Amino acid sequence: MKVASFDIVFQEIPGEVTLALNLSNCPCHCPGCHSQHLWEDIGEELNEALLDDLTERYKGLITCVAFMGGDADPEEVARLASHVQGLKTAWYSGRPATPETSFNFQLSPFTFVKFGPYIESLGGLKSEKTNQRLYKRVGNQWEDITSTFWKKSL
């Protein structure tokens, strides 16, 4: 699994300052995807050493690490998320699933998970019509927090 780029973001996970790791080799190939360059197998190998380097570099500035993609190897995403210490973790998957019907592995390393392919006519998480859903772990349950993106204008 490779990370093509990364950035510090404020809107992917509500209330968190997030180190977003953009993972390449995406098998979903959603029509209208805004990150088609991530369909290619590009970037630097993401391993524990690189993850430690990035989290240490931004220590005290970030509260969450988000794995943006990784659908080609979800078990590896979960393994690397379990390596993260002292920060919340998130996974943005383009797969059509829910935490209860997700993959054949535990989602326990994650604080947040987003499921759903991008469907251009429905929009992303900011659209009230979206098929995508963002969940937050609350105890042993998953709470759908997608509506936190649907701010009404004054």
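I began with Asn-25, which I found in the loop between strand 2 and strand 3. The model is a predicted one, so I kept that in mind while reading angles and distances. Phi of Asn-25 is near 70 degrees, which is a positive value in a residue other than glycine. I also looked up how open Asn-25 is: its relative accessible area is 34%, so it counts as partly exposed.

- Strand 3 and strand 1 are antiparallel, with 2 bridges between them. Here Val-3 stands opposite Glu-44 of strand 3.
- Strand 1 and strand 2 also run antiparallel, joined by 6 bridges. Val-9 has Thr-18 in strand 2 as its bridge partner.
- Strand 2 and strand 4 are parallel, over 5 bridges. Leu-21 faces Phe-67 of strand 4 as its opposite number.
- Strand 4 and strand 5 (residues 88-92) are parallel, over 5 bridges. Val-65 stands opposite Thr-89 in strand 5.

**Entry: strand 4**

I stayed with strand 4 for a while. How many of its residues are buried? The count is 5 of the 5, so strand 4 is largely enclosed by the rest of the structure. I checked which way the side chains go: Cys-64, Ala-66 and Met-68 point one way, Val-65 and Phe-67 point the other way, and all are buried.

**Entry: helix 1**

Helix 1 covers residues 48-57, and I listed its buried positions as Leu-50, Leu-51, Leu-54 and Thr-55. Why do these four belong together? Looking down the axis of helix 1, I see the buried residues fall within an arc of 125 degrees, so they line one face of the helix.

What covers the buried residues of helix 1? I noted strand 1 (2-9), strand 2 (18-23), strand 3 (44-45), strand 4 (64-68) and helix 2 (74-83) as included in the cover.

Asn-47 caps the N-terminal end of helix 1, with a side-chain oxygen 3.1 Å from the backbone nitrogen of Ala-49.

Is Leu-61 buried or exposed? Its relative accessibility is 58%, so it counts as exposed. I also checked Leu-61 against Thr-18: the two are 43 residues apart in sequence, and their C-alpha atoms are 8.8 Å apart in space.

**Entry: the nonpolar cores**

I looked up the largest nonpolar core and found 26 residues in it. Leu-21, Phe-67 and Phe-110 are those with the most contacts inside this core. The elements giving two or more residues to this core are strand 2, helix 1, strand 4, helix 2 and strand 6 (112-115). Which of the elements gives the most? Helix 2 does, with 4 residues. I found another core lying apart from this one, with 13 residues, including Tyr-92, Leu-125, Leu-134 and Phe-149.

I was pleased to meet Leu-21 and Phe-67 again here: they stand opposite each other in the pairing of the strands, and both are on the list of residues with the most contacts inside the largest core.

**Entry: Ser-127**

My last stop was Ser-127, which has its place in the loop between strand 6 and strand 7 (133-138). What does its side chain reach? The side chain of Ser-127 reaches the backbone oxygen of Leu-122, at 2.8 Å. Leaving out residues up to four places away in sequence, I noted that Ser-127 touches Leu-122 and Trp-150.

Conventions:
Residues numbered from 1 in each chain as written. Predicted model: local features only at pLDDT ≥ 70, side-chain atom pairs only at ≥ 80, totals over all residues. Heavy atoms only, no water. Buried < 20%, exposed > 50% of the residue type's maximum accessible area, 1.4 Å probe, protein only. Arc of directions from axis to C-beta. Contact = heavy atoms within 4.5 Å. Polar contact = N/O pair within 3.5 Å; in protein donor to acceptor, adjacent residues only side chain to side chain. Core = buried A, V, L, I, M, F, W, Y, C linked by side-chain atoms within 4.5 Å. Pairing = 2+ DSSP bridges.
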